[in-house]
Structures are given as C-alpha cells and as structure tokens.
Amino acid sequence: MLRILIPALQVGPGQTGVGTYTLELVRALAQLAREEPGRENYVVAAPHPERFDFLEGEEGFRVEPVRLPHEGSMGRMLALHTLVPRLAERLEVDLVMGVNFIAPLWGRFATSVAVHDLTFVHFPETMPPVKRVYYRMMVRRSIRRARAVFVLTEGMRREVLAFEPSARGRIRIAPGGVSPTYLANGDVEGEGPE
C-alpha cells in the first residue's frame, strides 16, 4: 500500500488559494478513500491540524501536527525542506506531494508536484524578490525530480513544458473541483445554463 505525505503548510489563518486547494484536495481524497478503501495511506502534515478535524475516524488518514520554524512564507519554505523530509523519512512514506509548486529536493521518497501557474516567470514584479528567486530555482528542480507533475489545464501543461521540457511524459492534467460549500444556491457540479 502506497504511503503518501501531503504537506498542508498553507492551510490555516489567512490561507490563500493554495491552502484552499490543499484542504479541498484532502477532502476529495478522503471521499475517494471511502468509495475505494485500502488503496493508499495518507499523512497530512499540518501546522493547524484542527483544520483537518473532518478526517477524524477516516480510515487511511493520519494528521501529523508540525510546528513551523517561523510564521509566514519563509517559515513554510524552511519547513518544506527540513521538517517535511525528516517526517517523511521517519514515517517511511513512499511519496511526498508538492501541493505548492515545490517538493522537497532530498530524501528517500518519490515526489509529485502541482504547478498552478507560472506567475513568477510571467509577472515577476508581483512577488517579493526573495520569493521570486526561490520559485525560479526550486520549481524547475522540483519538476525535474518529480515522478508526476500536476497542472489544472492544457494551457498550463504547455507553459510548464516551455519552462521545463524535461517534464514531458510526466505531466498530468488534474482539473480543480468546486467545494460543495461554494454551491450555496443549490446548484450541483456539472449543471449549468442550457
């Protein structure tokens, strides 16, 4: 059985898009595990484990509290390359999912990486200089190491291939979903105007 670690470092107070993506990904994986039990075991590394209370009693899921060295993006960056690999090694996981563009670059485990956009390439002025340099260096390396690279659209697949051609053959399009909490007016996914 495959053991997968999901670093949920962006889930918590003030969370942005990647935090929401990660939270909803874990919800969807829990739903899939209910439908097809026994396929994978998941460890969710979370600085705010209370955000994953919905996993209580879910077979195949474990929430591992982690303490960030510092609050904010610098603490998350540091944790991804120190705390997460050590946890993965200790728990003997098979795969670490890089849900935020970057996966750990060392460790005796495979990685996958989700690349949501290439803002740091196309609109670098929208990011602080340190973060821009970090993303430019680490995203490319993460893609090269990853067994699978996940993108949301065909357009993003083309952009990632232009940025890092070695990803060819490892890119998977995994469209984002909509949480039922956003369907407040009673619509259901798949329904639309006629």
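**View 1. Which residues lie nearest the centre of the second largest pocket?** Gln10, Thr16, Arg76, Asn100 and Lys131 do, in a lining of 34 residues. A pocket is found on a 1 Å grid over the protein atoms alone, as an open set of points where a 1.4 Å probe fits, with protein on both sides within 12 Å along at least five of seven lines, and lining residues have an atom within 4 Å of a point. This is a predicted model, in which local features need pLDDT of at least 70 and side-chain atom pairs count only at pLDDT 80 or more, while totals for chains, interfaces and linings use all residues. Residues are numbered from 1 along each chain as its sequence is written, and side-chain values use heavy atoms, with hydrogens and water left out.

**View 2. The make-up of the second largest pocket.** The volume of this pocket is about 620 Å³; a volume is the space filled by probe spheres set on the grid points, which are joined across faces, edges and corners. The largest share of the lining of the second largest pocket comes from α2, with four residues. By class, this lining divides into 17 nonpolar, 13 polar and four charged residues. Here Ala, Val, Leu, Ile, Met, Phe, Trp, Tyr, Cys and Pro count as nonpolar, Asp, Glu, Lys and Arg as charged, and the others, Gly among them, as polar.

**View 3. The largest pocket.** This pocket has a volume of about 880 Å³. Its lining holds 33 residues, and Tyr21, Glu24, Leu25, Ala28 and Pro175 are the ones nearest its centre. β1, α1 (17-35), β4 (95-98), β5 (110-114) and β6 each give two or more residues to the lining. With 10 residues, α1 gives the most to the lining of the largest pocket. The lining of the largest pocket is made up of 21 nonpolar, nine polar and three charged residues.

**View 4. The largest nonpolar core.** This core has 38 residues, and Val115, Ile143, Val149 and Val160 have the most contacts inside it. Two or more of its residues come from each of β2, α2 (73-81), α3 (83-91), α5 (129-145), β6 (148-151) and α6 (154-163). α5 gives the most to this core, with five residues. A nonpolar core is a set of buried Ala, Val, Leu, Ile, Met, Phe, Trp, Tyr and Cys residues joined through side-chain atoms within 4.5 Å. Contact means heavy atoms within 4.5 Å. Beyond its neighbours within four places in sequence, valine 115 is in contact with Phe101, Ile143, Val149, Phe150, Val151, Met156 and Val160. Another core, of 20 residues, lies apart from the largest one and includes Val11, Phe61, Leu95 and Ala110.

View 5. Gly75, Met77, Ala79, Leu80 and His81 are the buried residues of α2. Buried means under 20% relative accessible area, exposed over 50%, and partly exposed in between (1.4 Å probe, protein chains only). The buried residues of α2 pack against β1 (2-7), α3 and α5.

View 6. Histidine 116 is found in the loop between β5 and α4. With a relative accessible area of 18%, histidine 116 is buried. Its side chain reaches the backbone oxygen of valine 99 at 2.7 Å. Phenylalanine 101 is in the loop between β4 and β5 and is buried, with a relative accessible area of 6%. Phenylalanine 101 is not a glycine, but its phi is positive, near 75°.

View 7. Glutamate 58 is in the loop between β2 (40-46) and β3 (61-65). Its relative accessible area of 15% makes glutamate 58 buried. A polar contact of 2.8 Å joins its side chain to that of arginine 34; such a contact is a pair of N or O atoms within 3.5 Å, where within protein one must be able to donate a hydrogen and the other to accept it, and residues adjacent in sequence count only if both atoms are side-chain atoms. Glutamate 59, in the loop between β2 and β3, is exposed, with a relative accessible area of 68%. From C-alpha to C-alpha, glutamate 59 and proline 37 are 7.7 Å apart in space, and they are 22 residues apart in sequence.
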